[in-house]
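Biologist: I am new to this structure and would like to learn how to read it. Could you take me through a few features, one at a time?

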Amino acid sequence: MLTALGTMGLVVAVGWFLAHRHVLGDRAALVLARVVFAVATPALLLTTVAHADLHLLLSRTAVVTWTSTATIALVAIVVLRAAWRRSAADVTVGALASSYVNAGNVGLPLAVYLLDDAVAVVPTLLFQLLVLAPIAFAVLDRGSLGGSVARRTLSNPIIVGTLVGLVLAALPWDLPEVVYEPFRLVGAAAAPLALLTFGMSLALPRTVDSTAPRRDLALAVGLRSVAHPVLAWGLGTALGLPGHALLAVVAMASLPTAQNVLVYAMQYRHGEALARDAGLLTTVLCVPVLLVVAATLG
């Protein structure tokens, strides 16, 4: 776990250095974010979902994961919209920062190193891609780009990649692996490019407009790093999950805010500071949180 987190930290540091020294130009972070959003991430998701076991969608583990994640997102939406009167776009990014975890860059290596089971990340990954992302894109598309919400949502490259992966996973036969190799090759760039983008965003000059509202940030970090793991533990215990499965769902719920939230925020130009700062703080906090989870349930 520490190896995976340390490696990620170094890549983020490289991104910060590149932006700080203007090695790639002033618009590099935005360009990389678009590459991750439109090319690399869809390719990664297509290959990942195509090889997933769809029976996981009906397991108790999936019920705990989906219920706890949806609850955290709803709490964020209620507080941000009803109590603090944020715009629909800012509420969407805030809800994602609170509930959308780094299942790919941190969750996958964590599932391998801590749980010895890469499949443990699939319920989290699928819920985010099939539920959270489409809803978020529908709101953001309507608010910033206009046009038909359904058309733009279904043409979103990330959702298209996920849906194609689901169709391939449901086929009664397996396609030759050579078909997946180009997508796997391009998809391998998603994680490092997202981390580089995250690092570059940290080097951008801080202004009043680029500072996340403190209440919004505190809410996102509290929900992400404390409330979600506790809720997953409570639901998993209530449903009688065995020790290893309970450890898996709580560990996945303890993951930091995904760098993809920042990519989405940059793509739609809303809530970039909140996505950036929540990603940074929850990534730092996830180390002690995961150590406590592993010591308690491992």
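Modeller: Gladly! Let us begin with a term: a salt bridge is a side-chain nitrogen of Lys or Arg within 4 Å of a carboxyl oxygen of Asp or Glu. Keep in mind that this is a predicted model.

Biologist: What is the general idea behind such a pair, and how many salt bridges are there here?

Modeller: Side chains of opposite charge can pair when their charged atoms come close. By the rule above, the count comes to five salt bridges.

Biologist: Which residues are linked in a network of salt bridges?

Modeller: Glu177, Glu181 and Arg184 are. Arg184 meets Glu181 with the closest N and O atoms 2.5 Å apart, and a salt bridge also joins Arg184 to Glu177, at 3.1 Å from N to O.

Biologist: Where do Arg184 and Glu181 lie?

Modeller: First the general idea: an α-helix has 3.6 residues a turn, so residues three or four places apart point the same way. In this case, Arg184 and Glu181 both belong to helix H9 and are three residues apart, about one turn of the helix.

Biologist: Are these side chains buried, exposed or in between, and how do I tell?

Modeller: Look at the relative accessible area: under 20% is buried, over 50% is exposed, and partly exposed lies in between. Glu177, at 40%, is partly exposed. Glu181 is partly exposed too, with 39%, and Arg184 counts as partly exposed at 29%.

Biologist: Which side chain does Arg269 meet in a salt bridge?

Modeller: Arg269 pairs with Glu272, at 3.3 Å from N to O. Here Arg269 is exposed, with a relative accessible area of 55%, while Glu272 is partly exposed at 29%.

Biologist: Let us turn to aromatic rings. How many aromatic pairs does a search of the whole structure find?

Modeller: The search finds seven. To read a pair, check the angle between the ring planes: over 60 degrees counts as edge-to-face. Tyr100 and Tyr264 have ring centres 5.9 Å apart and planes at 90°, so this pair is edge-to-face. The two tyrosines are 164 residues apart, with Tyr100 in the loop between helix H4 and helix H5 and Tyr264 in helix H13.

Biologist: What about the rings of Phe137 and Tyr264?

Modeller: Their centres are 5.0 Å apart and their planes stand at 80°, so Phe137 and Tyr264 are also an edge-to-face pair. Phe137 sits in helix H6 and Tyr264 in helix H13, so the pair ties together parts 127 residues apart in sequence. Phe137 counts as buried at 0% relative accessibility, and Tyr264 counts as buried at 2%. Ring pairs link Phe37, Tyr100, Phe137, Tyr264 and Tyr268 into a cluster.

Biologist: Which residues form a nonpolar patch on the surface?

Modeller: Val31, Val35, Val39, Leu185 and Val186 do, with about 410 Å² of accessible area together. Helix H2 and helix H9 each give two or more residues to the patch, and H2 gives the most, with three. Val186, in helix H9, counts as partly exposed at 35% relative accessibility.

Key
Residues are numbered from 1 along each chain as its sequence is written. This is a predicted model: local features need pLDDT of at least 70, side-chain atom pairs count only at pLDDT 80 or more; totals for chains, interfaces and linings use all residues. Side-chain values use heavy atoms; hydrogens and water are left out. Patches are made of residues with over 30% relative accessible area and no salt bridge: like charges are joined within 9 Å, nonpolar side chains (Val, Leu, Ile, Met, Phe, Trp, Tyr) within 5 Å. Accessible areas come from the Shrake-Rupley method with a 1.4 Å probe; for residues, only the protein chains shown count as cover. Helices (H or I, at least four residues) and strands (E, at least two) are DSSP runs, numbered from the N terminus. Buried means under 20% relative accessible area, exposed over 50%, partly exposed in between (1.4 Å probe, protein chains only). Rings of Phe, Tyr and Trp (its six-membered ring) pair if their centres lie within 6.5 Å; planes under 30 degrees apart count as stacked, over 60 as edge-to-face and the rest as tilted.
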